[in-house]
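Let's take a walk through this model together, one piece at a time. Have the sequence and the 3D view open side by side.

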Amino acid sequence: MITDSSESNTVALVGNPNAGKTTIFNALTGQSQKVGNYSGVTVSEKSGKFHTPDGRKMNLIDLPGCLSLTPVSVDEKIAASVLMGSQAGEKVPDVVVCVVDASSLERQLRLVLEVIELGLPTVLALNMVDMAESGGVRLDTALLSEELGIPVVPMQANKGKGIIELKQALRMPLPALSKHHWDATYEGRMSKIGVIIEAAARRSDSDEYSHTTSDKLDSWFLHPFTGWLSFIVIMLSVFWSIFALSEAPMGMVEEAFGGLGNWVNSVMPEGDLRSLIVDGVIAGLGGTVIFLPQIMILFFFIGLMETTGYMSRAAYLMDGVMTKVGLSGRAFLPLLSSHACAIPGIMATRTIPSAKERFITILIAPWMSCSARIPVYTTLILLLLPGVSFLNKALMMLGIYSVGIITGFIAAKVLRTRIPADKEVSHFMLELPSYRAPQIGYLLRQIASRAWSFLKRAGTVILGLTILLWALQTYPKPDEGTAAAEDSALALEQSFMGMAGKTVEPVMKPLGYDWRMGTAVIASFAAREVFVSNLMITYSIEEDDDEDKMNQSLRDKLVASTWPDGRKIYTPLTILSLLVFFIYALQCLPTTVVVMRELNSKKWAIYQLVGMSAFAYVAALSVFQIGKLLGFE
Amino acid sequence: MAKETQTLTSVAAGDTWRISAFVGGECKQLREMGFCEKLKVTKLSNGRNIICFTCGTKLVLNRKLADQVLVIPV
């Protein structure tokens with residue numbers, strides 16, 4: 001497998017979940033990593049490059065975590081097929097680094113033996129040696145290497161220890177194949193592992209369970225009462241932070257865009273180009289990018305829960321609730337991730353062994369309100385509850401999120417009875433890793449990566465849409481001397497957007513929306529983020545340095561808007577109807593594409609898209625019409 | 001402490017036992033997680049899901065799975 005020295009070699013990282021593969025991957029590749037997809041399946045391929053001490057460039061791929069090469073879940077199948085050379089578009093790696101948690105060798109050596117049996121050059125990265133030794137495991141890495149016939153590198157990857165030694169082990173010539181052989185059956189491997197452990201990783205007599213700091217924390221976080229209390233407080237804190245901590249940075253973004261608009265107004269002559277830039281691009285993009293701080297805060301807290309080990313505890317707590325609706329605690333992480341974005345959430349369902357549970361989780365994931373809805377929710381909450389405290393806004397936001405979650409759970413309970421049972425029963429099992437201090441560097445890199453993805457999307461898809469929306473709102477221009485030439489509101493009605501809006505108004509009116517809100521709702525099917533941008537364009541709000549005045553102006557316009565008979569359009573009931581619509585509508589075509597691939601079914605993806613949209617319409621209609629009947633306005 | 005074989009579900013929390021065998025149809029899932037005969041296991045809590053400690057790792061097992069793990073005194 002040794003290639004020409006002028007070509008890079010490929011190193012694959014493989015190991016059990018929580019063994020530290022990602023930490024080692026980040027330490028080796030630093031900023032050079034990128035995320036792509038394996039062909040044919042939406043499974044993330046994380047790859048990067050690093051240099052060995054002799055200057056050779058190596059490609060590094062981080063395979064999904066797997067317990068063995070007899071895969072159960074989708075991502076385990078990917079890992080196995082890459083190593084066996086059967087994954088389309090992927091060549092067999094030249095070297096495999098098996099990452100193992102040294103404190104749990106008895107459980108994790110099986111994967112190492114299976115990799116060696118493939119006949120690939122292998123290096124064992126023996127991670128978390130500090131925890132193994134403090135747990136009473138007497139490690140002899142030289143003997144371990146001798147027993148396995150491969151290089152063994154002791155590491156503490158979270159502290160950067162062993163990284164250089166690992167690079168040394170990967171320099172040319174590549175490691176030789178192991179010359180050791182054993183019976184490649186389950187019993188044969190377990191027998192070999194027993195010999196290895198006895199020789200090189202014995203547990204002392206004091207390896208009995210002892211109460212650690214993690215256990216003290218678990219006595220609180222896993223307690224039936226304090227565990228749930230902590231969970232609710234943590235979730236509430238996340239939502240409070242989304243509002244409270246984002247106010248200052250959002251103000252800065254707003255000022256920046258406002259200042260940019262004013263500058264363009266001052267240097268460019270009046271005309272369509274200036275209007276495009278100021279009223280289209282700057283107003284439209286500003287209306288989306290302003291919510292970047294909130295989205296970053298959300299990603300930060302989700303990442304914090306993952307890296308500290310709290311996420312597993314939350315999954316344990318949620319298992320009881322989720323079992324009642326036909327799911328398990330394993331569905332918790334994908335559904336929680338869907339609150340950031342449904343796409344990685346749906347991809348995370350690959351770790352669910354039960355096909356039935358995975359299918360249901362994918363179908364309900366879009367009802368976990370994603371970060372793209374934050375601009376919509378925030379705008380509508382401010383309209384509905386002007387001037388209230390951060391806590392009340394947070395509670396309202398929590399309520400909105402809860403509506404989506406509860407509806408999703410009810411749908412799961414209904415679907416459970418209609419979908420055939422799995423051929424193989426799968427029970428809830430979960431590892432509870434020790435609590436760890438958050439890896440701030442890793443967290444910040446993740447947030448930066450997400451922020452960049454958001455800005456790229458804003459600069460491409462959203463920018464394209466705002467330009468289109470501006471053009472639809474501006475053209476055709478009214479003739480000189482007509483009433484519309486002097487009245488921008490009338491000109492808007494006669495534009496392409498106005499005509500389209502008037503056409504769909506009969507469909508939107510029963511929900512309480514006029515044609516302007518109707519066009520904003522329809523435009524948001526392309527991207528939810530443009531909802532607010534479209535409102536701003538549609539109401540022809542002029543950019544103003546004073547944020548309160550600008551918001552006041554939008555709020556005033558909406559509150560003052562009336563139907564031809566003089567009734568107010570944007571009452572609290574209308575706002576509620578809008579909120580309900582956005583909670584339930586699936587307005588994300590990329591999600592539909594991912595669902596199509598993950599379920600390998602166009603039919604179910606389309607059912608989901610059409611079904612959720614219809615449900616959103618009926619729900620919003622019900623809220624408005626029933627509210628009206630009850631005398632609410 | 002009883003000397004006969006018991007299921008992991010039935011033993012008291014806080015005691016350490018040794019896995020003697022797996023019974024039932026879902027043993028493969030247990031083996032995938034690294035459970036095997038002769039390993040020591042300490043049961044930490046009871047409940048709908050059982051928390052146990054083995055080989056330096058804390059694991060949560062559904063009761064139905066734990067019912068398939070037979071243990072003997074260490």
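Predicted model: local features only at pLDDT ≥ 70, side-chain atom pairs only at ≥ 80, totals over all residues.

The crossing of H9(A) and H12(A) is right-handed. Which residues make this contact? On the H9(A) side they are A:Val238, A:Ser241 and A:Ile242, and H12(A) answers with A:Gln294, A:Ile297, A:Leu298 and A:Phe301. Sorted by class, the contact of H9(A) with H12(A) has 5 nonpolar and 2 polar residues, with no charged ones.

Stay with H12(A), which spans residues 292-308, and look for helix H19 of chain A, residues 440-474. Here the axes come within 9 Å and cross at roughly 145 degrees, and the crossing of H12(A) and H19(A) is again right-handed. From H12(A), the residues involved are A:Leu292, A:Ile295, A:Met296, A:Phe299, A:Phe300, A:Gly303, A:Leu304 and A:Thr307. They meet A:Tyr442, A:Leu443, A:Gln446, A:Ile447, A:Arg450, A:Ala451 and A:Phe454 of H19(A). The residues in the contact of H12(A) with H19(A) divide into 11 nonpolar, 3 polar and 1 charged.

Next, move to helix H5 of chain A, residues 141-148, where A:Leu144, A:Glu147 and A:Leu148 are buried. These three cover an arc of only 90 degrees around the axis, which puts them on the same side of H5(A). The spacing makes sense, because an α-helix has 3.6 residues a turn, so residues three or four places apart point the same way. What do the buried residues of H5(A) pack against? Their partners in chain A are helix H3 (105-117), strand S6 (122-127), strand S8 (152-154), helix H7 (186-200) and strand S9 (201-203).

Finally, turn to where the chains touch: 24 residues from chain A and 23 residues from chain B take part in the contact. On the chain A side, the elements giving two or more residues are H3, helix H13 (310-323) and strand S10 (429-432). S10(A) supplies the largest share of that side, 4 residues. By class, the chain A side that touches chain B has 11 nonpolar, 8 polar and 5 charged residues.

Terms used. Residues numbered from 1 in each chain as written. Chains lettered and ligands numbered in written order. Axes fitted to C-alpha atoms, helices over the stretch in contact; angles between N-to-C directions. Left-handed = near helix turned anticlockwise from the far one by under 90°. Contact = placed C-beta atoms within 7 Å. Nonpolar A, V, L, I, M, F, W, Y, C, P; charged D, E, K, R; others polar. Buried ≥ 20, exposed ≤ 12 C-beta atoms within 10 Å, placed from the backbone. Arc of directions from axis to C-beta.
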